[in-house]
Amino acid sequence: MSGSDKTMNKKPLLELEHISMKFGGLMAINDLSFNAYEGEITALIGPNGAGKTTVFNCITGFYKPTMGMIRLNHDDGKVFQLEQMPDFKITAHAKVARTFQNIRLFSGLTVLENLLVAQHNRLMKASGFTILGLMGIGGYKKEASEAIERARFWLEKADLIDRADDPAGDLPYGAQRRLEIARAMCTGPKLLCLDEPAAGLNPKESLALNELLRSIRKDTGTSILLIEHDMSVVMEISDHVVVLEYGQKISDGTPDHVKNDPKVIAAYLGVDDEEEAAKIAGGNA
Ligand SMILES: Nc1ncnc2c1ncn2[C@@H]1O[C@H](COP(=O)(O)OP(=O)(O)OP(=O)(O)O)[C@@H](O)[C@H]1O
């Protein structure tokens, strides 16, 4: 049974249908369709320039795809057509959070402050956007104490509680990566998109990242879409892997299915001949 067969009966949280993205004469994504399922970790992999970040940018509203449809299905029945929504609504209403290839923290703010700033929208809404609201009339106080509790929860999960009062910029690189993920989780996302979270991590930091992502899946049920070049991370934690090459999908299924797919091996090793790749796959199985 292929990985795609196994996922047939699951509920898709995210559905991409026939997405294309053209930059001038360059077709960065070409008629791409895939699903990411509820409560799963889906990895999007492929050689450099395959179109992975462009897919993220289309999902999160930074780019509008030239063609195609991106649908997000919440479990309460709400459906969001992401390709028709501005990016701030994709974050606030569809509840899609993301991290970037380059770390984007407020390095002069403390670790805790970074997590509170992430909850600014929720706090302002609770204040009713009025001075009286900010002074504690209405739901602001309750929301503020919940925001601190949420931040504390994610500091524990990300193993950063001892560094809560330190400037974010003083943290080691791997801890900054975990802080970015904790910050995204403080917004209560349904879908968390992580762009190369393991890039530049040492083996110990990489293990800590795997642990954090597994615990997000287990304890919150948040679905994760992950771009990653580190195959040890991909194969270890993903439920489902989608492989791109030159903007097109060349494989889709479980890590085992994809790992042994001659097309994937050919793409990664630069082998043109699929028969040759199949021989390598045979040795790999
Ligand atoms: N804004 C843009 N304008 C023009 N071309 C772009 C733009 N963004 C991406 N591209 C091109 O689209 C193609 C796909 O790029 P993309 O960054 O999505 O690939 P990737 O798979 O994420 O690569 P990497 O693994 O190196 O990050 C590349 O040829 C890239 O140069």
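This is a dialogue on how terms and values apply to a predicted model.

Visitor: Why is Glu 196 counted as buried?
Guide: A residue is buried if 20 or more other C-beta atoms, placed from the backbone, lie within 10 Å of its own, exposed if 12 or fewer, and partly exposed in between. Glu 196 has 20 C-beta neighbours inside 10 Å, so it counts as buried. Glu 196 lies in the loop between β7 (191-195) and α9 (203-220); helices (H or I, at least four residues) and strands (E, at least two) are DSSP runs, numbered from the N terminus. Its phi is near 50 degrees, a positive value in a residue other than glycine.

Visitor: Why is Asp 31 called partly exposed?
Guide: Asp 31 has 14 other C-beta atoms within 10 Å, and therefore counts as partly exposed. Asp 31 is placed in strand β2, and has a positive phi near 55 degrees, although the residue is not glycine.

Visitor: What makes α8 largely enclosed by the rest of the structure?
Guide: Eleven of its 13 residues are buried, so the helix is largely enclosed. Among the buried residues are Gly 174, Arg 177, Glu 180 and Ala 182.

Visitor: What makes α2 mostly covered?
Guide: Seven of the eight residues of α2 (residues 52-59) are buried, including Lys 52, Phe 56 and Cys 58. Gly 61, with a positive phi near 85 degrees, follows α2.

Visitor: Which residues are around the ligand?
Guide: A residue is near a molecule or strand if its C-beta atom, placed from the backbone, lies within 6 Å of it. The residues around the ligand are Phe 23, Leu 26, Ala 28, Gly 46, Asn 48, Gly 49, Ala 50, Gly 51, Lys 52, Thr 53 and Thr 54. β2 (26-37) and α2 are the elements that give two or more residues to this shell. The largest share, three residues, comes from α2.

Visitor: How do the residues of this shell divide by class?
Guide: Ala, Val, Leu, Ile, Met, Phe, Trp, Tyr, Cys and Pro count as nonpolar, Asp, Glu, Lys and Arg as charged, and the others, Gly among them, as polar. The shell around the ligand has four nonpolar, six polar and one charged.

Visitor: How is the protein chain divided, and what makes up the contact?
Guide: The chain has domain 1 (3-95 + 190-284) and domain 2 (109-188), with bounds from an automatic or database domain assignment. The contact takes 14 residues from domain 1 and twelve residues from domain 2; two residues are in contact if their C-beta atoms, placed from the backbone, lie within 7 Å. On the side of domain 1 that touches domain 2, α9 gives the most, with six residues. That side has nine nonpolar, three polar and two charged residues.

Key. Residues are numbered from 1 along each chain as its sequence is written. This is a predicted model: local features need pLDDT of at least 70, side-chain atom pairs count only at pLDDT 80 or more; totals for chains, interfaces and linings use all residues.
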